[in-house]
Each structure stands twice: as structure tokens, then as C-alpha cells.
Amino acid sequence: MTLLSPNVARERAQEKQHTVLHFLRDNKWTTQNNVQCLLGLRSRQAAHKTLIRLEAQQMIKRHQVRSLAGKPLTIWGITVHGIMYSYRDGEPMTDVRAFEPSKLSSTQMQHHLGLQQIQIRLIAAGWRDWHRETFKNKNNIVPDVIVTHPNGWPVAVEFERTLKSLRRYKEILLGHLTARKHGNYRDIYYITPDEPTKARLDHIFTSIKSVRCRGESIRISPELKAPFHFFSLASPFESTER
């Protein structure tokens with residue numbers, strides 16, 4: 001194993017810290033496991049060491065919650081001080097809120113962490129411009145995220161932990177097609193926690209043959225379904241092209 005000079009080791013440690021702060025600026029809080037994946041570290045200890053250093057500098061703070069399984073979970077949230085240090089020299093600053101434990105929703109925790117896992121994988125594979133969406137089209141469809149494919153086109157990403165009714169998916173399908181027609185994005189990626197949920201979701205969309213729009217029935221052809229892609233966190237989706 002090659003030993004790093006003190007200066008190189010210090011620079012690498014600082015770069016890891018900045019990577020974590022930039023990630024937390026967008027996500028507010030995360031877990032040690034996700035930090036380990038974000039930094040591409042082999043050991044939990046190395047991720048913990050980075051978090052402890054940032055905590056000692058008052059850039060992040062830890063908070064313990066109970067997971068859906070009832071087990072205690074330590075999460076790490078960014079402070080105002082950390083937000084200010086998350087910007088590189090010359091980078092424009094925006095008004096960003098720090099982590100507030102009182103606003104943490106236990107029902108949204110797993111969804112939040114799942115989206116982080118997706119973000120880490122896509123950004124590492126060369127995707128860019130990851131941002132949460134706020135716009136609504138007339139069918140009230142707001143994808144979880146819009147991100148730019150490595151080949152340059154925008155993709156809507158939905159992390160689907162639980163399944164909805166067939167009626168609701170018909171509304172969602174129409175809403176995505178409308179947003180796509182308006183140029184908001186090209187493809188729609190549905191990513192589920194596991195393979196059985198992915199298979200069931202794919203089956204649901206396949207079963208949709210028509211939707212109602214303004215009192216009329218619209219046939220949903222295979223061509224209209226082509227922009228929809230279904231994956232699970234256990235399957236590769238980072239390099240999918242169409």
C-alpha cells in the first residue's frame with residue numbers, strides 16, 4: 001500500500017468532506033451507509049471518520065430516530081455553517097435551509113433515502129443536473145426528480161416504494177405523457193425497492209390500454225409506453241439508453 005504525503009492526504013480528506021457537504025446541501029440529511037456509497041469507501045469506519053470530522057467542525061449534526069422497523073437509526077444533517085462551506089470559491093450562493101429534526105417525517109424517510117441511493121448511482125455514472133421538481137402540469141404530476149442523461153436529454157425519475165390503484169396509474173401515465181409533450185423531459189424511469197414490485201408495476205402499465213382525457217377515450221399504444229422504463233434498486237439502470 002502506497003503511503004500518501006501529509007499534503008495529499010489532507011487534500012483528499014477535504015475533498016471528501018466537501019463532497020458530503022454538497023450532497024447534504026441538496027438532501028438535508030443522510031445515513032452513514034449512504035455516505036459510504038457516495039464516497040466509494042470500502043469500510044464503514046472510513047465513512048464514520050469523515051462524518052465525525054465534519055461534526056467536530058459543527059458543519060453537520062447527528063440525530064437519532066426510529067426506522068420503520070422500530071430500530072434506532074442515526075442520521076446526519078447539515079447545519080447553516082456547513083451550508084456556507086459547501087460552496088466552492090466563486091460558486092453562486094442560494095438560500096438553503098439547514099436540517100431541522102422537527103420537520104423530519106418518519107413516513108418519508110425510506111423514500112428520501114431511496115432517492116439518495118438512486119442519485120448516488122446516477123451521478124457516479126455521469127448523469128448530471130439532479131434536482132427535485134416543483135412544477136405541476138394540469139394533471140398534477142410532479143416527478144420526484146428531473147436529471148440529465150449522460151447523452152444530454154432530461155429524464156423524470158420516480159421512486160415507487162408502494163403501488164397505487166390502476167385508476168391512479170392511468171392518471172399518472174396521462175400526466176407524464178402531457179409533460180413529455182410539453183418538453184419537460186424525454187423518458188420516465190420508475191425505480192422500485194425490489195424486483196417483485198418492479199415486475200408488478202411493469203405489469204400494471206402494460207395492462208393500461210386506454211385513458212380518459214376531456215371526456216374522450218385515448219388509446220395507449222406501445223409507442224406511447226416506450227418512454228416508460230422500470231427498474232429496481234437491485235438492477236442496473238445507470239447506463240440505459242434508448
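The questions and answers below go through a predicted model.

Me: How are residues numbered, and which pLDDT do local features need in this predicted model?
Reply: Residues are numbered from 1 along each chain as its sequence is written, and side-chain values use heavy atoms, with hydrogens and water left out. In this predicted model side-chain atom pairs count only at pLDDT 80 or more, totals for chains, interfaces and linings use all residues, and local features need pLDDT of at least 70.

Me: How many helices and strands does the protein have?
Reply: Helices (H or I, at least four residues) and strands (E, at least two) are DSSP runs, numbered from the N terminus. The C-alpha atoms fill a box of roughly 65 × 40 × 40 Å along the principal axes. The secondary structure comes to eight helices and 10 strands.

Me: What share of the 242 residues counts as buried?
Reply: Buried means under 20% relative accessible area, exposed over 50%, and partly exposed in between, with a 1.4 Å probe and protein chains only. Of the 242 residues, the buried share is 43%.

Me: At what angle do the axes of α6 and α7 cross?
Reply: Axes are lines fitted to C-alpha atoms, for helices over the stretch in contact, and angles run from 0 to 180 degrees between N-to-C directions. Helix α6 covers residues 166–181 and helix α7 residues 195–207, and their axes come within 10 Å. The crossing angle is roughly 75°.

Me: Which word describes how α6 lies relative to α7?
Reply: Angles under 35 degrees count as roughly parallel, over 145 as roughly antiparallel, 65 to 115 as roughly perpendicular and the rest as oblique. The axes cross at roughly 75°. Therefore α6 is, relative to α7, roughly perpendicular.

Me: Which residues make the contact of α6 with α7?
Reply: Contact means heavy atoms within 4.5 Å. From α6 come L166, Y169 and L173, and from α7 come L201, I204, F205 and S207.

Me: What type of pair do the rings of W127 and Y189 form?
Reply: Rings of Phe, Tyr and Trp (its six-membered ring) pair if their centres lie within 6.5 Å; planes under 30 degrees apart count as stacked, over 60 as edge-to-face and the rest as tilted. The structure holds eight aromatic pairs. The ring centres of W127 and Y189 are 5.7 Å apart and the planes are at 65°, so the pair is edge-to-face.

Me: How many residues apart in sequence are the parts that W127 and Y189 tie together?
Reply: W127 lies in the loop between α5 (109–124) and β4 (128–132). Y189 lies in strand β7 (residues 187–192), so the parts tied together are apart in sequence by 62 residues.

Me: Is Y189 buried or exposed?
Reply: Y189 has a relative accessible area of 1%. With its value of 1%, Y189 is buried.

Me: What type of pair do Y189 and F231 form?
Reply: F231 lies in strand β10 (residues 228–232). The ring centres of Y189 and F231 are 5.1 Å apart with planes at 45°, so the pair is tilted.

Me: Which ring does the charged end of R186 sit over?
Reply: A charge sits over a ring if NZ of Lys or CZ of Arg is within 6 Å of the ring centre and within 35 degrees of the ring normal. R25 lies over the face of Y87, at 4.1 Å from the ring centre. The charged end of R186 is 3.7 Å from the centre of the ring of W153.
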